[in-house]
Amino acid sequence: MEIRRGGVEDVPLILDMLDGAVAWLVGLGRTGQWGTEPWSARPQAVRRVREIVASGTPWVAEVDGEAAGSLTLTPHPAPYVAPADEPERYVHLLVTDRRFKGLGVGGALLAHAVAETRRQGVGLLRVDCYAGDDQRLVAYYRGQGFTPTETFTVGEWPGQVLARRVTP
């Protein structure tokens, strides 16, 4: 697996992976996280993905030359989360292609985010996620070394902010 720096030209491939994740979740009957409509069919969601990618540093994991996952690092959280009282890096739009399930794509991308945060001399990496249903995402991030720090709600959507200390 290789991880390359992405750019705004990767927005269509990120949207495609997000659409695949929605379809997978819908197939499992888990519509609380992202609903039932593909990201690419929602103009506001497309705009938000473009904004995040343009304001941060996207990273794309590839397996045998095919995009297997992506995340974008920014120096600030999403608008519904208060900024930290210190410099931070924030993980946005972590998504993996289900075709590569079991290869550790998400973990590799998060390890890369930790390394990038460290390389930039920043000591805090944060992420937020859906905290409804059985809290599987919260458990996933905990397994990746993150600690829950605060909860929030956006509309009906329950969320959790998690943080990981990075030694610069």
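In this predicted model, the axes of helix 1 and helix 2 come within 10 Å and cross at roughly 125 degrees. An angle over 145 degrees would count as roughly antiparallel and one of 65 to 115 degrees as roughly perpendicular, and helix 1 and helix 2 are therefore oblique to each other. The crossing in which helix 1 passes helix 2 is right-handed. The residues that make this contact are set out by helix in the table.

| Helix | Residues in the contact |
|---|---|
| helix 1 | Val11, Ile14, Leu15, Leu18 |
| helix 2 | Val46, Val49, Arg50, Val53 |

Seven of the residues in the contact of helix 1 with helix 2 are nonpolar and one is charged, while none is polar.

The largest pocket of the model has a volume of about 1,600 Å³, and among the 47 residues that line it, Gln33, Trp34, Trp39, Leu94 and Leu137 are the closest to its centre. Helix 1 (11–27) and helix 2 (43–55) are among the elements that give two or more residues to this lining, as are helix 3 (105–119), helix 4 (136–143), strand 4 (89–96) and strand 5 (124–130). By type, the lining of the largest pocket consists of 27 nonpolar, 10 polar and 10 charged residues.

Definitions and conventions: Residues are numbered from 1 along each chain as its sequence is written. This is a predicted model: local features need pLDDT of at least 70, side-chain atom pairs count only at pLDDT 80 or more; totals for chains, interfaces and linings use all residues. Side-chain values use heavy atoms; hydrogens and water are left out. On a 1 Å grid over the protein atoms alone, a cavity is a set of points where a 1.4 Å probe fits but cannot get out, and a pocket is an open set with protein on both sides within 12 Å along at least five of seven lines; lining residues have an atom within 4 Å of a point. Grid points are joined across faces, edges and corners, and a volume is the space filled by probe spheres set on the points. Helices (H or I, at least four residues) and strands (E, at least two) are DSSP runs, numbered from the N terminus. Ala, Val, Leu, Ile, Met, Phe, Trp, Tyr, Cys and Pro count as nonpolar, Asp, Glu, Lys and Arg as charged, and the others, Gly among them, as polar. Axes are lines fitted to C-alpha atoms, for helices over the stretch in contact, and angles run from 0 to 180 degrees between N-to-C directions. Angles under 35 degrees count as roughly parallel, over 145 as roughly antiparallel, 65 to 115 as roughly perpendicular and the rest as oblique. A crossing is left-handed if the near helix is turned anticlockwise from the far one by less than a right angle, and right-handed if clockwise. Contact means heavy atoms within 4.5 Å.
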